[in-house]
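Let's take a walk through this one together, starting at the surface and then following the contacts between side chains. Have the structure open as you read.

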Amino acid sequence: MYFGKIKEHTSSRVPPNQNVTTTFPVLHYGNVPYYSDMDQWSLQIFGEVHSPITLGYDEVLKLEQKEYQNDIHCVTGWSKLDTVWTGISCRSIAQRVEVKESARYVILHAEEDWSTNIPIEDFMKESSLLAHSYNHEKLTPEHGFPLRAVFPHLYFWKSAKWLRGIEFSAVDTPGFWERNGYHNYGDPFKEQRFTWD
Ligand SMILES: Nc1nc2c(c(=O)[nH]1)N[C@H]1C(S)=C(S)[C@@H](COP(=O)(O)O)O[C@H]1N2
Ligand SMILES: [Mo]
């Protein structure tokens, strides 16, 4: 079959019941925020840490930059391969604020009180990034400008757009989709789509 080779190549990379797309769908609940002035934006990093900080956009851009290429998987069934993200590593942020032993979860807070939760081990993964650019261009407002999370090993709803806060917490706090029927963890390779999966 003509497409045999492509399928073979992607099958181990693409989780079950996902279709690869070359478009970049926009998906979210609520409104896209627009900033006329970057002084309106800041990122608060707080909770179970010794040295909480608030970063402005320029400060984020001045921190050590990382770039990763990886695949993303949306719970609605699309996957996108080889997406390139640039930003700051979650690990370096955790080191910077000196996370306490008591921190077990990270709650990501976005505009309009949207949130999502991940275990601290997942936040600390090498591939976990706070990205300001996609394919070497600044994020568009629809895709999360000025800063979004990218956790490629989990369904893409965990990758919060329009970040405003990173909270290290001793207790888990399910976020918007997790409270509305989605799985608390969301491993695409185990098809952890809904609460009961
Ligand atoms: N703040 C915020 N981030 C969000 C969402 C949202 O509703 N609000 N939706 C998530 C979902 S379900 C997906 S699939 C991805 C989509 O990102 P994209 O629009 O850049 O493709 O963003 C995630 N991040
Ligand atoms: Mo999604």
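**Charges and rings**

On the surface, Asp-37, Asp-39, Asp-58 and Glu-59 gather in a patch of negative charge. A patch takes residues with over 30% relative accessible area and no salt bridge, joining like charges within 9 Å and nonpolar side chains (Val, Leu, Ile, Met, Phe, Trp, Tyr) within 5 Å. Asp and Glu count as negative, Lys and Arg as positive, with His and the chain ends not counted; each charge is placed at NZ of Lys, CZ of Arg, CG of Asp or CD of Glu. Asp-37 sits in the loop between β1 (19-20) and β2 (43-47), and with a relative accessible area of 36% it is partly exposed. (Buried is under 20%, exposed over 50%, partly exposed in between, with a 1.4 Å probe and protein chains only.)

A word on ground rules: this is a predicted model, where local features need pLDDT of at least 70 and side-chain atom pairs count only at pLDDT 80 or more, while totals for chains, interfaces and linings use all residues. Residues are numbered from 1 along each chain as its sequence is written, chains are lettered from A and ligands numbered from 1 in the order in which they are written, and side-chain values use heavy atoms, leaving out hydrogens and water.

Now for the rings. There are 17 aromatic pairs, meaning rings of Phe, Tyr and Trp (its six-membered ring) with centres within 6.5 Å; planes under 30 degrees apart are stacked, over 60 edge-to-face and the rest tilted. Take Tyr-57 and Phe-145: their centres are 5.6 Å apart and their planes at 65°, so this pair is edge-to-face. Tyr-57 belongs to helix α2 (residues 57-62) and Phe-145 to the loop between β9 (137-138) and β10 (148-150), so the pair ties together parts 88 residues apart in sequence. Both residues are buried. Elsewhere, ring pairs link Tyr-29, Tyr-155, Trp-157, Phe-176, Trp-177, Tyr-182, Phe-194 and Trp-196 into a cluster.

Which side chains meet in salt bridges? The structure has seven of these, each a side-chain nitrogen of Lys or Arg within 4 Å of a carboxyl oxygen of Asp or Glu. One joins Arg-13 and Asp-71 at 2.7 Å, N to O. Arg-13 is in the loop between α1 (4-11) and β1, Asp-71 in strand β4 (residues 66-73), 58 residues apart. Arg-13 is partly exposed at 23% relative accessibility, whereas Asp-71 is buried at 12%.

Conventions
Accessible areas come from the Shrake-Rupley method with a 1.4 Å probe; for residues, only the protein chains shown count as cover. Helices (H or I, at least four residues) and strands (E, at least two) are DSSP runs, numbered from the N terminus.
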